[in-house]
Amino acid sequence: MTKFDTQSVNDLIRSRRSIYPEKYSDEPVDDAIIKEMLENANWAPTHKLTEPWRFVVFKGEGLQKLATFQAELYERVSMARGTFNETTREKLATKPLLASHIIAIGMSRDAKEVLPLEEEISAVAMAVQNMYLTATAHGIGCYWGSGGITYYEEAKAFFGLEAKDRLLGFLYVGTVKEGFAPQGRRNPIEDKVSWVG
């Protein structure tokens, strides 16, 4: 097997951060970086090679289409449920416009459902981690959001998903404002591990 510079790999993994859209500049991210992120997502581990990840990329005018769709869907569904909040609607209508690209994250269930749902969702999460790491390597900001319309059944068709599939959220991508340097923190790994043997 090929050996890699483990310190560079460690630094990359430990430098990954969720960077929220408010910290993005107006400079667009090159489509070539987005394509590289997606290609690396495609190499995530996948049991029985089901490759359950499905992505829809929004950019330019597509961001406005996404913003309009989710704001209107939220209003319709929340009004019916009696939970409408104007601030939430406004956020859904404007937040996508802060990003250079937004990648909708879907999980497509194989027809025979040969694997447990948790394994398929986990595979998609690993694909998203690959995108996060690729963006980090390029100095690009990312944020995986799962609020808003993510768990609305009514949202699935807009993203090309069927009833048995899942919408798992949105990866916001943007160029980080100059001078912003997010700091990470973790509790010691020793607090979370038991060794047997």
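**Group meeting: a walk through one predicted chain**

Let's start in a loop. Glu51 sits between α2 and β1. Those labels follow DSSP runs, numbered from the N terminus: helices are H or I with at least four residues, strands are E with at least two. Glu51 has a positive phi of about 45°, although it is not a glycine. Most residues other than glycine have a negative phi. Glu51 is partly exposed, with a relative accessible area of 33%. On that scale, buried means under 20% relative accessible area, exposed means over 50%, and partly exposed lies in between, with a 1.4 Å probe and protein chains only.

A word on the source. This is a predicted model, where local features need pLDDT of at least 70, side-chain atom pairs count only at pLDDT 80 or more, and totals for chains, interfaces and linings use all residues. Residues are numbered from 1 along each chain as its sequence is written, and side-chain values use heavy atoms, with hydrogens and water left out.

Back to the loop. Lys48 lies there too, between α2 (31-41) and β1 (53-59). Its phi is also positive, about 60°, and Lys48 is not a glycine. Is Lys48 buried or exposed? Lys48 is exposed, at 58% relative accessible area.

Now step back into α2. Which residues of α2 are buried? They are Ile33, Ile34, Met37 and Ala41. Seen down the axis of α2, these buried residues fall within an arc of 100°, so they line one face of the helix. The arc is that of the directions from the helix axis to the C-beta atoms. What do the buried residues of α2 pack against? Their partners are β1, β2 (101-107), α5 (117-137), β3 (140-145) and β4 (166-175). Contact here means heavy atoms within 4.5 Å.

Next, the whole chain. The protein chain has 5 helices and 4 strands. From the N terminus on, the order is α-α-β-α-α-β-α-β-β. Of contacts between residues at least 6 apart in sequence, 78% join residues at least 24 apart.

And the overall shape? With 197 residues, a compact globule would have a radius of gyration near 16 Å; this chain has 18 Å, which agrees. That radius is taken over C-alpha atoms, and the globule rule is 2.2 Å times the number of residues to the power 0.38. The C-alpha atoms fill a box of roughly 55 × 50 × 35 Å, taken along the principal axes. Buried residues make up 39% of the 197.
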